[in-house]
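These are my notebook entries on a structure that I looked up. I recorded the points in the order in which I checked them.

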Amino acid sequence: WDARPYPAFPFRTDIWADGDNWRTGHWLNGRAGAVDVGQLVAAILEDFGFSLYQTGELTDILDGYIVDRRMSARAALEPLARALLFDAVDAGTRLRFRPRWRPEDAGFDENLLVRSEAKPLVSVNRLQETDLPSLITLQFNDTIQDYRRAAVSSRRLVGQSLRESSANLPLITHHGLAE
């Protein structure tokens with residue numbers, strides 16, 4: 001527990017040198033009401049009548065999430081999955097929610113693949129650089145700015161692409177996580 005007064009800490013870096021660490025740190029000040037994303041996904045699924053799911057691999061923390069109209073469970077979860085980079089996969093008897101950065105749980109046996117003289121067994125395709133966005137913008141509700149809409153963006157400094165991508169998401173968070 002950190003007893004320094006929020007929001008003076010972490011923003012008064014002239015007083016506290018570790019204020020910049022707050023964005024990714026463990027401090028509870030101002031975060032005691034935050035929700036674990038796995039628990040958030042579970043609550044949304046329960047609201048829609050789902051009971052067979054697994055959300056334990058989702059470990060991010062959010063200050064809040066807005067479901068502001070009638071929609072399907074999928075429509076409620078897709079913006080969250082897009083922002084936090086997780087997928088829902090069919091795990092046989094249940095839905096399993098897993099981060100995209102995790103290695104795959106399954107592999108394949110080369111002997112089960114159909115061989116062709118003209119093509120390799122496995123190929124990896126990547127989009128052309130000009131198909132990828134050079135600027136990404138994320139809009140969210142900022143907890144530190146009285147829940148006003150805010151935006152963060154990131155630009156690739158190398159490349160020729162002129163594409164831009166933006167996401168207006170119902171997330172309630174702070175600049176650190178949004179970045």
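**Entry 1: Ser 134**

I found Ser 134 to be buried, because its relative accessible area is 11%, under the 20% limit for that class. The model is predicted, and I read the value on that basis. I then located Ser 134 in the loop between β6 (95-99) and β7 (135-142). Leaving aside residues up to four places away in sequence, I listed its contacts as Ser 154, Arg 155, Arg 156, Ser 161, Leu 162 and Arg 163.

**Entry 2: aromatic rings**

I searched the whole structure for aromatic pairs, and the search returned one. Phe 86 belongs to strand β5 (residues 86-90) and Phe 97 to strand β6, so the pair ties together parts that are 11 residues apart in sequence. I checked burial for both residues: Phe 86 and Phe 97 are buried.

**Entry 3: the sheet**

I next looked up the sheet and noted an open one of three strands, in the order β2-β6-β5, with mixed pairing. Because β2 (53-54) and β5 stand at the edges with a single partner strand each, one side of each has no neighbour in the sheet. Between β5 and β6 I recorded five bridges, and these two strands run antiparallel. Which residue of β6 is the bridge partner of Phe 86? I identified this partner as Pro 99.

Definitions and conventions. Residues numbered from 1 in each chain as written. Predicted model: local features only at pLDDT ≥ 70, side-chain atom pairs only at ≥ 80, totals over all residues. Heavy atoms only, no water. Helix = DSSP H or I, 4+ residues; strand = E, 2+ residues; numbered from the N terminus. Buried < 20%, exposed > 50% of the residue type's maximum accessible area, 1.4 Å probe, protein only. Contact = heavy atoms within 4.5 Å. Phe/Tyr/Trp six-rings, centres within 6.5 Å; stacked < 30°, edge-to-face > 60°. Pairing = 2+ DSSP bridges.
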